[in-house]
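Please open the model in a viewer and keep the sequence at hand.

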Amino acid sequence: MNDLERLARRLEGNLSRLLGRRIVIPVAEAYARRCGCRGHALYVRGLTREDVEVLADVLAEELKGLGEGEPAAELDRDLVRALRVGRWCERHRPGRHPALMPLR
Ligand SMILES: [Zn+2]
């Protein structure tokens, strides 16, 4: 198990315990996009926008282990599709792009 997988398993455990229901991170990966965005992503099942609002500080702290950059939750309506930490291009900067919620 590498560091990224270890962090994903730990976060699954912590979120599941804090929320009292099963949160699953099926995919953890590094990414680099043509637009200039790059970093690490944890795809997540079972996490809502409201959970992220309540746990923003906890998540920001946990996601420091993913490396340098600004943490954000990628939303699909009221569900969280992924947690991301990295460098952002101008267009996708969290807080500017409507689907990317800054975590801090
Ligand atoms: Zn981008």
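**First stop: helix H1**

Select H1 and colour Leu7, Ala8, Leu11, Glu12 and Leu15, which are buried in this helix (buried: 20 or more other C-beta atoms within 10 Å of the residue's own; exposed: 12 or fewer; partly exposed: in between; C-beta atoms are placed from the backbone). Viewed down the axis of H1, the buried residues fall within an arc of 140°, so they line one face of the helix; the arc is that of the directions from the helix axis to the C-beta atoms. On the other side of H1, Asp3, Glu5, Arg6, Gly13 and Arg17 are exposed.

The model is predicted: local features need pLDDT of at least 70 and side-chain atom pairs count only at pLDDT 80 or more, while totals for chains, interfaces and linings use all residues. Residues are numbered from 1 along each chain as its sequence is written. Helices (H or I, at least four residues) and strands (E, at least two) are DSSP runs, numbered from the N terminus.

Next, select Gly20, which follows H1 and has a positive phi near 75°.

**Second stop: the sheet**

Display the strands: they form an open sheet of five, in the order E1-E2-E4-E3-E5, with antiparallel pairing (two strands pair if DSSP finds at least two bridges between them). E1 and strand E5 (100-102) stand at the edges with a single partner strand each, so one side of each is left without a neighbour in the sheet.

Select E1 and E2, which run antiparallel and are joined by seven bridges. Ala32 has Arg38 of E2 as its bridge partner, and Ala30 has His40 of E2. In the hairpin of these strands, with five residues between them, Gly36 takes a positive phi near 115°. Moving on to E4, E2 pairs with this strand in the antiparallel sense over six bridges, and Arg38 stands opposite Arg87 in E4.

Where do the buried residues of H1 pack? They pack against E1, E2 and helix H3 (56-62).

Now select Ala8, Leu11, Ile25, Leu42, Val44, Leu63 and Leu83, the residues with the most contacts inside the largest nonpolar core, which has 21 residues (a set of buried Ala, Val, Leu, Ile, Met, Phe, Trp, Tyr and Cys residues joined through C-beta atoms within 7 Å). Helix H1 (3-19) and strands E1 (24-32), E2 (38-45), E3 (70-76) and E4 (79-87) each supply at least two residues of this core.

Finally, centre on Leu42: leaving aside neighbours within four places in sequence, Leu42 is in contact with Ala8, Leu11, Ile25, Ala28, Ala82 and Leu83 (contact: C-beta atoms, placed from the backbone, within 7 Å).

Note on methods:
Two residues are in contact if their C-beta atoms, placed from the backbone, lie within 7 Å.
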